[in-house]
Each structure stands twice: as structure tokens, then as C-alpha cells.
Amino acid sequence: FHDAHVQLLLSLGLLLAFLSRCGPGSAAIIILITAFSIQWAVLIQGTLHFFLNGKIHVGAQSVVSADFCTAAVLISTGAVLGRVSPVQMLLLALLEATLSALHEFILLSLMGVSDRGGSLTVHTFGAYFGLMVSRALHQPHKDKRKREEQQDQGHQKDLFAVVGTIYLWIFWPSFTSTTTVHHDAENWAVLNSYFSLVASTVSTFIFSPVLYEESTPRMVQIQDATLAAMAVMGTAGEMLPTPFGALTAGFLVGLLSPLGFRFLSPVLHSKLKIQDTCGVHNTHRLPGVLGALLGTLLTLLATADTFGYRLELVFPLVAQGSRTITDQALMQLSALPLTLLLATLGGRITGEL
């Protein structure tokens, strides 16, 4: 709980506080949103579980679940930062935390999907929700001013990126694994997160100079690689039985993020009219979707021989015999379009409000 909470406030909070026009005010708003979202998420999640088993449990685990919900809200905030008022931010947090808690309940409790690190429930959902809110807020006559503001944030953005990235490296592996069962599966989630981190960072150092014609990548690009590496491990972190898979996934996602910033971000802005302030499309949405697809593939390959006793920890319904591996893989795969549907509709409605 401690690591997850520090990760939420320091890592994500600092990374969303770089706009020169907002300055420390952005950090204050992030703290306000975090404080509000945690309380509301605990209430909504407790109510949903009450209908399932007749009890509301409040403890460290319930607050960790609320932190995950709040992380999705903060990711969405990154797509609209500097373009909405604090009151509008609170409205976004109110609506998204409600829908995020419902989405998580459907996937994890009703469908039995394995997504303990949040590739679907945190990264993909938060990114799509925020991007759709940004699309609804599109104002062509303000585009020029917003671009000028983003160009005037270089030194301050790099400074926040340095501190935020260090905290990401320290605490995000715990964040990815904090909801896994406390046995060997938890250890693998931590280890695979670190393997993905190192591979993604090396990949970015190799590939970014080719795209941006710079001798070494800037700190914000290392920050993006770190976020992408953790997003791809959200679902697959506890499933990968060997380091090779995590290293491969991390290396590939380290290529995917800079490619997205170089080629996809301009398309989002010019064609789809989506102004993505913090680049959540490339650091959360693309890696989150890749992590969900990788989790589906690993589910199909899961057997008692490859997982051992960890099969019961990662896929308890399969180990109990109430669900086949194929059924579990279909559930994992169907969770992705459901996530996209809920996040897209919810973000669009919230943006219109």
C-alpha cells in the first residue's frame, strides 16, 4: 500500500505538473483530485462488492484498489491538463472514478479476468477515457495558443521528468504487483516489471536518436519508456514464467512509444482533433492494449507444466476446473473491446457535460 500510494502521488503527480502556465497549481490540483477520487472509489467499490457478497470490507487492500482507480483518473487528466478548470477536473474525477470502479468490478469479479497490474483497468481505460474527453473539448481557435504553451515548458518539463522517472523506477514494480497473490506470482510480477523497465529504456536509447536526430534521448523520452514498460506488464507481469518474455516485451514497447510520438500524435491532433497534452496515447493506451493482447496469448499457453502451482494463483477458476484455458483466454480477449467501449462512451459523455 505504501509503495502504491507513493507511486500515485509522487510519480504520476510530478509527471502531470510540468505545464509552465500552471506551475505548482497543477500539483495542487492533482493532490485535490487524488484525495477526492480515493474517497469516492472506496465508496463505489465497497457498494459494488456489497451487492456481490453482502459485505463492505475496508482495509489496506480496499485503499490500494482505490489507488488503482485514482491512477486511471490521473492518466485521463494527463490528456486534458491545462485545458480545464479545477471544478471540471473534479467532475471528470467523479464520473470516471464511478465508471472505472464499475469496469474493474465487471472484469475482475464477474468475468474473472486476470489484470492485477492494470493494463486494462488502469492504463487502457484511463487513456481512452481521457482522449475522448479531449476530443469533446476540441477548440480550433485555441490550438495555436496551446502549442505555444507546450513549446515554453522545456526546462520545467525536463526537471519534473527527472524526479518523476526516478520515482517510477523505485515504486512502479510494487504498484504492478501489489494486488497479486502473496506467493511466487507476486515475485514474478516484480521481476518481470524490472526486466521490462531495463529493456524498454535501452530500446529507447537505441531508437530515439534515429527518429529525432539527437545523440541521446531527452529525459522525457526515458520517462515515456518507463511508463510504457509498466503498462505492458500490467496484465502479463505475473503470467510470464521466464525473463526472456518480459525483456522482449519491454524492448518492443520501447520502440512503440517513440514511434507513436513521432508519427501517431500528429495524426491524432490534425485528423482526429485530439489534443493529448501529456501523450497518454503513446505511454498508456498503446502499451496497455499490447499488454492485454500479450496476456491473452500467455493465457492460451498456460498449463500445469509451464505454470506449476502458480496456475492456481494466476487462474484460480482454471485450476479449480470450472473454466478451461480456452474459456479463460476468450474472457481475457473480450475484456479489451469491453474496456474500449466503456471508456470511449464514458469519456465522450463526460466531455460533453
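**Exercise 1.** At what angle do H5 and helix H15 (residues 325–352) pack, and how far apart are their axes?

*Solution.* The model is predicted, so local features need pLDDT of at least 70 and side-chain atom pairs count only at pLDDT 80 or more, while totals for chains, interfaces and linings use all residues. Residues are numbered from 1 along each chain as its sequence is written, and side-chain values use heavy atoms, with hydrogens and water left out.

Step 1. Two packed helices are described by the angle between their axes and the distance between the axes. Axes are lines fitted to C-alpha atoms, for helices over the stretch in contact, and angles run from 0 to 180 degrees between N-to-C directions. Helices are DSSP runs of H or I with at least four residues, strands are runs of E with at least two, and both are numbered from the N terminus.

Step 2. The angle between H5 and H15 is about 35°, and their axes lie 7 Å apart.

Step 3. The crossing of H5 and H15 is right-handed; this term applies if the near helix is turned clockwise from the far one by less than a right angle, and left-handed applies if anticlockwise. The residues of this contact divide into 12 nonpolar, 7 polar and 3 charged. Here Ala, Val, Leu, Ile, Met, Phe, Trp, Tyr, Cys and Pro count as nonpolar, Asp, Glu, Lys and Arg as charged, and the others, Gly among them, as polar.

**Exercise 2.** Which residues of H5 and H9 meet?

*Solution.* Step 1. H5 and H9 pack at about 140°, with axes 8 Å apart.

Step 1. From H5, Ser119, Leu120 and His123 meet Met230, Ala231, Val232, Met233, Gly234 and Thr235 of H9. Contact means heavy atoms within 4.5 Å. By class, the contact of H5 with H9 has 5 nonpolar, 4 polar and no charged residues.

**Exercise 3.** Describe how H9 and H10 are arranged.

*Solution.* Step 1. The axes of H9 (residues 219–236) and H10 (residues 243–270) come within 9 Å and cross at roughly 130°.

Step 1. H9 and H10 are therefore oblique to each other. Angles under 35 degrees count as roughly parallel, over 145 as roughly antiparallel, 65 to 115 as roughly perpendicular and the rest as oblique.

Step 2. On the H9 side, the contact is made by Asp224, Ala228, Ala229, Val232 and Met233; on the H10 side, by Ala246, Ala249, Val253, Ser257 and Phe261. These residues divide into 8 nonpolar, 1 polar and 1 charged.

**Exercise 4.** Is glycine 126 buried or exposed?

*Solution.* Step 1. Glycine 126 is found in helix H5 (residues 119–136).

Step 1. Glycine 126 has a relative accessible area of 0% and is therefore buried. Buried means under 20% relative accessible area, exposed over 50%, and partly exposed in between (1.4 Å probe, protein chains only).

Step 2. Not counting residues up to four places away in sequence, glycine 126 touches Ala72, Ile75, Ser76 and Glu96.

**Exercise 5.** Where is threonine 201 placed, and which residues does threonine 201 touch?

*Solution.* Step 1. Threonine 201 is in helix H8 (residues 184–212) and counts as buried at 11% relative accessibility.

Step 1. Threonine 201 touches Trp169, Ile222, Ala225 and Thr226, not counting residues up to four places away in sequence.
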